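The structure is shown first.

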Amino acid sequence: MDLPTQKLDEIARQSLQEVFRKQFCLEVVSADSGHRASSGYPILKSEVGWSSENLRGVVQIHLPQDLVREISMVLLGDGPHASVSSVDLKDVAGEIANMVAGRVSTLLAQEGLHGTLETPKVRTVNREETEKESSEVTTLHHGEWICGLRQFSLSLQFHPFPS
Amino acid sequence: MDLRITAIQPKSAIPPFSFMTPKILTVDDSKTIRLLLARMLRSFQVEVVEGGNGEEGLETALREKPSLIILDYNMPVMDGVMMLQQLRQNTEIQSTPVIMLTAESNPKIISTVARLGVRDYIVKPFQEDLLLAKIKKIISLEPKGNIPPVVPAS
């Protein structure tokens, strides 16, 4: 991956803020900004694969289930269609990741890296799994973000293909 | 020749133009997006039918003969491009207008679906106003409760 880390950080920030602002009318700020927030468990971990001819990547978002529920209410309202089950929350989390990954992919393409996306994979993780995974995986970008009173994270991982 | 509709319905009857209600098929593996689109369209006189992947979308298109299809690209079982290719090969539904609504912005895919005659391509995240404007360019969307008056024959 030839992109400097700073560029990747900018792509991640722009993608998140555009999706949250445009689709959910919500503001997202960096957790470094001094705002107070809590992660809360369980976490919905959503992953969207990205691949080009010689690079594979993953866009990964860890969203507290409570934040996904709040976004669901913004997105779908409180009408008869809006009964949010745990399956629906996974679907919403997957779609959030899909949109963010889509923006990441578009911005990477503007830097000359053209790739295609895969369908999102979502699963529920607890605190132990989250901490274990974050100690094992090397990411090119990892950011902690705040939406409302909830903290969540976005990671971008890329590796050469075939390795 | 006067081609205006001559039937006059009593006030209590089904709205006189109900047979003209357009039908929109939304095909997306995300239930969230299908719900979002249904919610966006609920204030219009339009029937919304759904498919969770390309295969379901194709079956529903054949059965329901929609006026417009809003189609995702990345879906399990059958993706949007494959569905579009099969749609264009079926004489019963091949001329159905299609708007792509997807997170995918790869130029190769955009060029492939353009060759398959999609009417528009919208990249998620999307603004509802923009999507509605694109839909209105293709089919007539009347707000609910705003039924055009019946013109009696002269």
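## A strand covered on both faces

In this predicted model, strand β3 of chain B, which spans residues 68-71, is covered on both of its faces. B:Leu68 and B:Ile70 lie on one side, B:Ile69 and B:Leu71 lie on the other, and all four of these residues are buried. In a regular strand, side chains alternate between the two faces of the sheet.

## Pairing with neighbouring strands

Strand β1 of chain B, residues 23-27, runs parallel to β3(B) and is joined to it by four bridges. Within this pairing, B:Thr26 has B:Ile70 of β3(B) as its bridge partner, and B:Ile70 is also one of the buried residues of that strand.

β3(B) also pairs with strand β4 of chain B, residues 98-102, again in the parallel sense, and here three bridges are found. The partner of B:Leu71 in β4(B) is B:Met100.

## The chain as a whole

Chain B contains five helices and five strands, and along the sequence these elements follow the pattern β-α-β-α-β-α-β-α-β-α.

Of the 154 residues in chain B, 32% count as buried, including the four named above in β3(B). Among the contacts in chain B with a separation of 6 or more, 64% are between residues 24 or more positions apart.

Notes: Residues numbered from 1 in each chain as written. Chains lettered and ligands numbered in written order. Predicted model: local features only at pLDDT ≥ 70, side-chain atom pairs only at ≥ 80, totals over all residues. Buried ≥ 20, exposed ≤ 12 C-beta atoms within 10 Å, placed from the backbone. Helix = DSSP H or I, 4+ residues; strand = E, 2+ residues; numbered from the N terminus. Pairing = 2+ DSSP bridges. Contact = placed C-beta atoms within 7 Å.
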